[in-house]
Amino acid sequence: MNLADWIGAFVGFVLTLLVFSYLIGDNPLFRITLHMFIGVSAGFAAVVTIYNIILPRLFVPIFISDRSEQILTLFPLILAGLLFTKISPRFAFIGNLPMSYLVGVSAAAAIGGAVTGTLIPQALASMNLFAVQSNQAFDANVGLRLVNGIIILIGTVATLAYFQFGKLSQASEKTQFQTWIDGLGQIGQVFIAITFGFLFAGIFSAALTALIGRVLFSVDFISDVLGLFIR
Amino acid sequence: MEETYCPLCGKPNPIDNKFCDFCLAHLHPQEGGSTDSEALSIPGIEDNQDGLGGHESDSNVPDWLSELQQSNEMENEETLDSESELGQPANAISDWMTGVSGDGEATVGEVSPTAPFLPDQGINESQDIPHWLNDSLIEEEDQDLLEDERSGEVPLDGEGRDVSRGDSSSPEISEDISSGRENAGPLAGLRGVLPAEPGAARVRKPRTYSAKLKVSTSQRAHIDLLNSLLEDEGQPQPLPPRRSISQQHVLRWGIALVLLMAILWPIVITSHEMPFPDYDEGSAEVNRLISQLPENARVLVGFDFEPGLAAELDTAAAPVFDHLLSEGALLTLISTSPSGPILAERFIQSIQSDQKLIYGLEYVNLGYIPGGAVGLLSFIENPQGTIPFTIDGLSAWETEDRNGLPATAGIDQITDYSMVILLVDDPDTARTWIEQLGPTITNPQALMSFVLITSAQLEPVVRPYYESSPQPVNGLVVGLRGGAAYARIIGSDDFPGRSWDAFGMGTFVAALLILVGGLGYYVIPELSRTARDQEKVKR
Amino acid sequence: MRNPVYTAIAIGVGIVVLLGYFLQFDLLVNLRIVFLEWATILVATALLIGVVNLFIVHWRKSTTDQPNRVNSIALLAGLTITMGVAGWFGPTDLYSLWIFNYILIPIEASLMGILSVVLIYAGVRLLRRKPNLLSIVFIATAVIILLMTGPLFGIDIPGLAELRIWIGKVPAVAGARGILLGVSLGIIAAGLRILMGADRPYGGN
Amino acid sequence: MDSLNILGLIFVLVFFGLMIAASVVFRQREGRKLREIPAFTRLQRAIGLAVEAGSRLHISLGRGQLLSPQSAIGYVGLSILDRIARSTSISDRPPVATSGEGSLGILSQDTQQNAAKYLGVESDPMRGRITGLTPYSYAAGTLSFIQEEDIGANLLIGSFGNEVALITDAAERKGGMTLGGTDNLTGQAVLFATAQEPLIGEETYAGGAYLGAGPMHIASLYAQDILRWVLIGLIVIGAILKLFSVL
């Protein structure tokens with residue numbers, strides 16, 4: 001290790017301890033560390049954005065592109081300029097124009113993304129579970145796949161039914177249909193709980209690996225330092 | 001570890017708190033539930049309330065009846081108390097009766113029949129009575145009257161307020177009725193005779209009433225009570241001190257300590273007791289696909305994870321990249337998150353110690369594609385147009401008028417890559433990549449494969465894609481487990497056994513803590529609550 | 001007084017982009033691509049505005065005499081040094097990587113590490129806070145998956161490994177799919193409210 | 001693929017039509033009742049308590065990218081912010097919104113300003129804060145914010161990943177109520193275990209309707225309910241057709 005790495009390892013070790021001090025309780029040193037982290041990550045995000053978007057897409061085309069591309073780049077340049085007025089409360093109203101544009105595009109992108117990226121693929125995936133004859137004609141486990149497919153289908157339908165918002169009858173007493181839907185919702189809840197339980201275990205595994213990474217780093221650093229002195 | 005939940009704000013509190021630490025509401029609702037006892041939940045009179053607790057069982061008795069019963073019982077209690085305390089003879093009652101009857105004028109005045117039950121020591125004129133009721137305002141003759149009443153040496157319970165609270169006319173009426181005996185006339189000797197015309201026999205000159213406020217002893221006692229109540233209200237109740245170290249703190253510390261010990265143990269001992277996973281289908285498939293790559297295959301690698309997960313994904317990806325680079329693959333690094341390009345560079349630096357990669361020649365970093373799904377789709381449709389430059393501003397691609405970098409030579413469209421590897425930690429990002437690349441991968445003409453190296457949390461999201469047919473995802477390495485399985489397949493010694501051992505201990509201890517701790521945390525308070533309930537029933 | 005111009009812009013641009021997703025007319029598709037490209041630049045600009053906002057807020061805090069000013073100073077120091085180094089040398093330069101490796105990653109990975117304690121704590125308390133069937137199913141699933149994710153000292157409990165795979169392949173997929181479909185219905189509703197002008201989060205209303 | 005795109009467009013158009021129809025119909029007569037979501041009921045009480053106690057309400061809008069489906073949950077958060085800001089701005093301590101994305105931060109300031117204008121009071125740009133620009137730094141910034149301020153209730157309505165556990169933990173340490181809902185699957189799993197009042201999946205998108213953000217919010221719930229069954233029907237029919245190799 002060179003000196004920069006030594007200093008780096010020391011800084012990393014100290015910062016790890018400072019963050020772990022939160023396990024004992026909230027303290028000022030922990031908060032200072034957090035704020036430094038917010039600053040550093042914002043700094044990286046800003047620099048990467050400038051290098052990757054602002055410079056190549058906003059400024060480079062102005063200088064090196066042909067006339068039509070230059071004119072086309074003027075629009076986002078003006079919109080971005082107007083958006084920058086949002087920094088000052090006094091002139092913030094000028095920035096409403098690019099913001100309304102952005103909101104319109106983003107709402108459409110959200111709908112488009114949800115329909116083409118989730119709704120259609122997920123619905124198709126549920127249907128495709130039953131395409132056993134065409135693809136797995138010689139699969140010995142067709143029966144098992146079908147059973148699993150039926151369970152997934154029931155689970156998907158029940159989970160969707162759980163979210164039903166409107167009550168199906170106006171009367172205070174439950175109709176049979178309402179009871180049936182409620183029952184389906186209950187089944188859906190069980191599926192939701194299983195999914196969350198699985199995800200939770202996964203998230204814990206990821207967090208545990210991060211913890212192990214930090215502990216390994218700290219143990220190695222301490223043993224390196226001790227090694228220096230003992231030698 | 002016991003806790004109770006505030007019925008008002010729902011926050012957890014230590015079981016022995018009377019009031020909620022957060023909103024100061026009563027934690028244990030008043031049992032018995034009568035409005036009377038609720039209204040009386042003032043610290044000073046709680047003891048007396050206990051005395052009324054016996055009425056709980058009479059919940060089906062009509063209100064008026066239970067009130068009557070209550071007042072009778074109270075009367076009896078008080079009489080007994082007064083006797084035992086002051087050593088007065090049992091006929092003390094007759095004394096005050098005579099006293100009253102002896103002074104005819106007093107009976108016409110506002111002397112309440114409850115007077116004898118009022119505590120003389122409870123009246124502290126100088127302190128307890130508001131100034132507008134001070135003696136100076138009361139007429140002299142009324143003062144005398146008060147003096148007379150007080151001189152009656154009424155046997156009383158020490159707790160003035162307690163007695164006066166139970167003060168109602170009903171016990172007196174019943175006492176009058178039960179003990180009043182006719183002295184003269186044909187009904188002499190009989191009990192409970194109503195006077196024919198009370199006061200009619202006493203002829204006297206009508207007296208002049210003062211316009212000034214007259215206050216009888218009972219009223220004074222009521223005032224006293226009200227005043228003390230108001231004073232209590234006005235004075236801030238001392239907040240139950242919030243303990244600096246709560247049960248939650250202890251629980252957190254305990255969990256942190258156990259978990260840290262569990263993962264430190266194998267790291268320090270370095271015993272390698274945990275076997276690597278036997279076989280993982282997804283990892284084996286990735287291994288097969290990489291082995292089949294042609295010489296100098298172009299591979300697109302997506303780095304889409306947060307720096308916090310670097311430990312997990314670096315460790316899982318390390319054996320895969322060992323294998324990949326040994327096959328001579330040339331890498332193009334890309335990301336859809338701003339921190340991705342730096343993570344990519346960092347990862348390449350970390351594996352450089354083993355296999356020196358030359359920038360531009362063997363790998364190229366294209367930086368990040370903004371715009372999420374839209375940007376990614378645009379990149380998949382037209383990589384050269386979407387990201388024309390590398391992160392450090394070099395021309396990334398070979399075109400007619402420009403020389404590109406060797407690592408990306410020959411790449412015109414996305415299908416020119418032999419393989420796409422995505423390192424990902426977020427379910428939405430993973431789905432975006434899969435959905436956008438899916439049509440290209442599942443196209444029977446395509447020769448490109450798509451492999452995921454994911455964080456453990458993504459398994460239920462990405463596995464269905466791997467399992468489905470046709471496969472939009474051809475191989476899957478999930479978390480540390482997948483990485484360990486891959487290391488075993490390629491026979492790599494590089495995979496950190498210490499991490500795997502610590503991971504094994506950590507997951508085991510966590511499962512144990514959640515199971516045992518959760519059950520204990522739930523069951524112990526339940527048990528103690530049941531024990532408390534039983535104790536109460538016994539009492 | 002609502003400004004109809006902003007609402008009209010949002011609705012007009014939104015409808016063009018939305019139609020461009022579904023109808024493959026050249027004009028619509030090209031307009032969608034151009035509009036999205038501009039929006040991408042605007043989002044990047046907004047990120048920079050966010051950084052400036054962060055800077056101004058903490059600059060003000062650090063110049064006033066208040067107890068938390070040292071936090072703001074730390075944030076400003078982190079921000080300016082990183083922007084200076086990464087901006088000058090480039091974000092993937094060795095100096096930038098030093099900051100990334102020895103400041104950013106240790107803090108973020110340690111926060112992630114803390115998460116493991118937080119999650120166990122939440123798991124332990126869940127049954128007490130919400131004693132219902134859902135919590136029991138949740139805890140049971142989490143425990144099974146946790147036990148079978150790690151090596152478990154090489155102990156092989158028959159059926160448990162298969163159960164883990166089955167849960168990941170069948171019920172967990174069903175739940176996730178139902179949730180995702182439900183969420184996409186919610187997304188469409190929220191997006192349509194904006195395109196109708198019922199929700200106007202932008203200023204000028 | 002084209003036919004699927006057309007199907008998608010029809011779905012969106014039907015959705016649109018149903019929302020309009022529901023809003024027109026229910027303007028004339030009372031609509032059906034909504035099922036109770038306990039989290040929202042408790043939230044309404046918590047808002048009242050926070051206003052009475054003079055503590056702040058904190059609305060965390062997440063870090064969803066604006067050009068992805070994640071933006072929608074941000075808009076739901078913003079409409080809830082608008083609703084709450086309009087009802088509590090007159091109190092001593094109006095609500096504060098934190099966000100982890102630049103444009104969402106600007107929108108939160110705009111929303112607060114709109115609400116202030118509506119109430120005729122001064123608007124403070126500090127009520128719409130950007131606390132960090134990457135997921136974990138956003139969680140760190142929000143964590144510090146919760147630790148430093150006196151907050152009565154935290155509403156986490158936005159796009160969050162697993163880092164949200166740090167925010168809910170900080171809120172619990174401070175003793176404030178937390179209600180959380182997100183679109184992200186891992187975020188939902190974490191919120192289910194750590195938040196006092198978790199919202200599951202689509203429930204979060206109903207926040208506006210349950211908190212009275214406008215008739216169109218309720219109308220959209222009815223449209224969702226109808227199309228939910230249409231979707232279920234399509235999936236089941238499609239599955240049957242696939243089984244018999246018709247499709």
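How many residues of chain A are in contact with residues of chain B? The model is a predicted one, in which local features need pLDDT of at least 70, side-chain atom pairs count only at pLDDT 80 or more, and totals for chains, interfaces and linings use all residues. Residues are numbered from 1 along each chain as its sequence is written, while chains are lettered from A and ligands numbered from 1 in the order in which they are written. In this model, 33 residues of chain A are in contact with 44 residues of chain B, two residues being in contact if their C-beta atoms, placed from the backbone, lie within 7 Å.

On the side of chain A that touches chain B, at least two residues each come from α2 (28–64), α4 (96–128) and α7 (176–230) of chain A. Helices here are DSSP runs of H or I with at least four residues, strands are runs of E with at least two, and both are numbered from the N terminus. The largest share, 17 residues, belongs to α7(A). By class, this side of chain A holds 22 nonpolar, 11 polar and no charged residues. Ala, Val, Leu, Ile, Met, Phe, Trp, Tyr, Cys and Pro count as nonpolar, Asp, Glu, Lys and Arg as charged, and the others, Gly among them, as polar.

Chain A also meets chain C, in a contact that takes 96 residues from chain C and 98 residues from chain A. Among the elements of chain C that give two or more residues to its side are α1 (4–22), α2 (26–63) and α7 (171–196). The most, 20 residues, is given by α4(C). This side of chain C has 70 nonpolar, 23 polar and 3 charged residues.

One residue of chain B touches residues of chains A and C. B:A510 is found in helix α20 (residues 497–538) of chain B and touches A:F204, A:L208, B:L259, C:I120 and C:L146, not counting residues up to four places away in sequence. B:A510 counts as buried because it has 31 C-beta neighbours inside 10 Å; the term requires 20 or more other C-beta atoms within 10 Å of a residue's own, with 12 or fewer for exposed and partly exposed in between.

Elsewhere in chain B, helix α12 (residues 281–291) has B:G282, B:S283, B:V286, B:N287 and B:I290 buried. Seen down the axis of α12(B), these residues fall within an arc of 140 degrees, so they line one face of the helix; the arc is that of the directions from the helix axis to the C-beta atoms. Their cover includes α13 (310–326), β7 (449–454) and α19 (479–490) of chain B.

Chain D contains an open sheet of 6 strands in the order β3-β2-β1-β4-β5-β6, with parallel pairing. Two strands pair if DSSP finds at least two bridges between them. The edge strands, β3 (128–130) and β6 (197–198) of chain D, each pair on one side only. Strand β1 (residues 56–62) of chain D is joined by 6 bridges to the parallel strand β4 (residues 151–159) of chain D. Within β4(D), D:L155 is the bridge partner of D:I59. Helix α6 (residues 164–174) of chain D lies across β1, β4 and β5 (177–181) of chain D, at about 160 degrees to β5(D). Such angles run from 0 to 180 degrees between N-to-C directions, with axes fitted to C-alpha atoms, for helices over the stretch in contact.
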